[in-house]
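Biologist: Hi! I'd like to go through this model with you, one piece at a time. Could you start with the terms you need, and then the layout?

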Amino acid sequence: MKAFSEFHPAALLTYFLSVLIVAMFVSNPIISLLALAGASLFCLTLTDRQEKKRDIRFYILLFFLITVTNPLFSHSGATPLFFINGSAVTLEAVFCGAQIALMMISVMLWCKAYSFVMTEDKFVFIFGRAAPKISLVLSAALRYVPMLKRRAREIKRSQKAIGLYSSAGRFDRVRSSLRVFSSLISQSLESAVETSRFMKAQGYGEKKRTFYHEFRFGVQDLVLLLISVASLSTVIIAGGFHKLDFFFYPSLSGAGLSPAAAAAYAAFGIISFLPFIVEIFNELCWKYSRSKI
């Protein structure tokens, strides 16, 4: 269990909403870099070595793809670098594509971290009493994709073990993929029936139904909640006074580094790197405790 996951669900939800709102809606290179750096470091503590390698390859490829694609469709800008079929590829369009890539990748990484930390039991705990059916549907949807990916890998490994992937031909790969898909659908349908029976046995849908949970709101949760709200408010105030504005067209220009902008950068940097700091601090405390045994 990761240390950051042990915070109260309400504090965690407030934290992730604060980070995602800024990362999605503030188009500023410094904000995007802070969001990407914080999300990358946090995800490094959550994933294993193989998943780290896959993520690095995927996100680097996605970054270059978006950065290169944007200048091919947007020819605005005052600084042409070169021409392709008479159309200018401008420096501003390249930087704008890089900014779009940074925002997209950072949001994807924060959503991935959210899926690790905010499990379905935490989501149901927050919204279960107010909207039990909606919370159940959303909780099931959030966990369905990673669950299917995990089951697909298990089925593929099992089929490899009995020699169904012995041929390297394209037709054999397609047939094997269809076989995996068929087994996956069968397992999913069977799991859905078992889940419905289990929910009925547990009394889901009854009017007088109690909920058991082990979540307790403590001082550390209050601190996380206050830091998240204060950081989000600082960024919103600075953005409202146009202190975080950055323009790509017709030329690269920004609002400059004012005290309000510096405060917003510092505030967002704190909440971006907070999960990584918590994980490192917990790891150091654990190693120190083991050394004293």
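Modeller: Happy to! Helices (H or I, at least four residues) and strands (E, at least two) are DSSP runs, numbered from the N terminus. Read along the sequence, the chain then goes α-α-α-β-β-α-α-α-α-α-β-β-α.

Biologist: How many helices and strands is that?

Modeller: The chain has 9 helices and 4 strands. Before we go on, this is a predicted model, where local features need pLDDT of at least 70 and side-chain atom pairs count only at pLDDT 80 or more, while totals for chains, interfaces and linings use all residues. Residues are numbered from 1 along each chain as its sequence is written, and side-chain values use heavy atoms, with hydrogens and water left out.

Biologist: Good to know. What share of the chain's residues count as buried?

Modeller: Of the 293 residues, 34% count as buried. Buried means under 20% relative accessible area, exposed over 50%, and partly exposed in between, with a 1.4 Å probe and protein chains only.

Biologist: Let's zoom in on α1. What span should its 17 residues have?

Modeller: Helix α1 covers residues 9–25 and should span 24 Å at 1.5 Å a residue; its end C-alpha atoms are 24 Å apart, which agrees. The expected span is 1.5 Å times one less than the number of residues.

Biologist: Which residues of α1 are buried?

Modeller: They are P9, A11, L12, L13, Y15, F16, S18, V19, L20, V22 and A23.

Biologist: How do α1 and α4 sit relative to each other, parallel or antiparallel?

Modeller: Their axes come within 9 Å and cross at roughly 170 degrees, so α1 and α4 are roughly antiparallel. Axes here are lines fitted to C-alpha atoms, for helices over the stretch in contact, and angles run from 0 to 180 degrees between N-to-C directions. Angles under 35 degrees count as roughly parallel, over 145 as roughly antiparallel, 65 to 115 as roughly perpendicular and the rest as oblique.

Biologist: Which residues make the contact between α1 and α4?

Modeller: On the α1 side there are L12, L13, Y15, F16, V19, L20, A23 and M24, and on the α4 side M103, S106, V107, W110, C111, A113, Y114 and V117. By class, that contact has 15 nonpolar, 1 polar and no charged residues. Ala, Val, Leu, Ile, Met, Phe, Trp, Tyr, Cys and Pro count as nonpolar, Asp, Glu, Lys and Arg as charged, and the others, Gly among them, as polar.

Biologist: V117 is on that list. Is it buried or exposed?

Modeller: V117 is buried, with a relative accessible area of 0%. V117 belongs to helix α4, residues 91–117. Leaving aside neighbours within four places in sequence, V117 is in contact with F4, S5, L12, F16, F42 and K122. V117 and S5 are 112 residues apart in sequence, yet 5.2 Å apart in space, C-alpha to C-alpha.

Biologist: Nice. What about α8 and α1?

Modeller: Helix α8 (residues 219–240) packs with α1 at an angle of about 20 degrees, their axes 9 Å apart. That makes α1 roughly parallel to α8. The contact takes in A10, A11, L12, T14, Y15, S18, I21 and V22 of α1, with D221, L224, L225, S228, V229, L232 and V235 of α8. Those residues divide into 11 nonpolar, 3 polar and 1 charged.

Biologist: And α9?

Modeller: The axes of α1 and α9 (residues 259–291) come within 11 Å and cross at roughly 125 degrees, so the two helices are oblique to each other. Y15, V19, V22 and A23 in α1 meet F268, I271, S272 and P275 in α9.

Biologist: Where is the cis peptide bond?

Modeller: The bond from Y249 to P250 is cis, with omega near 0 degrees. P250 is in the loop between β3 (246–247) and β4 (253–254).

How values were computed: Contact = heavy atoms within 4.5 Å.
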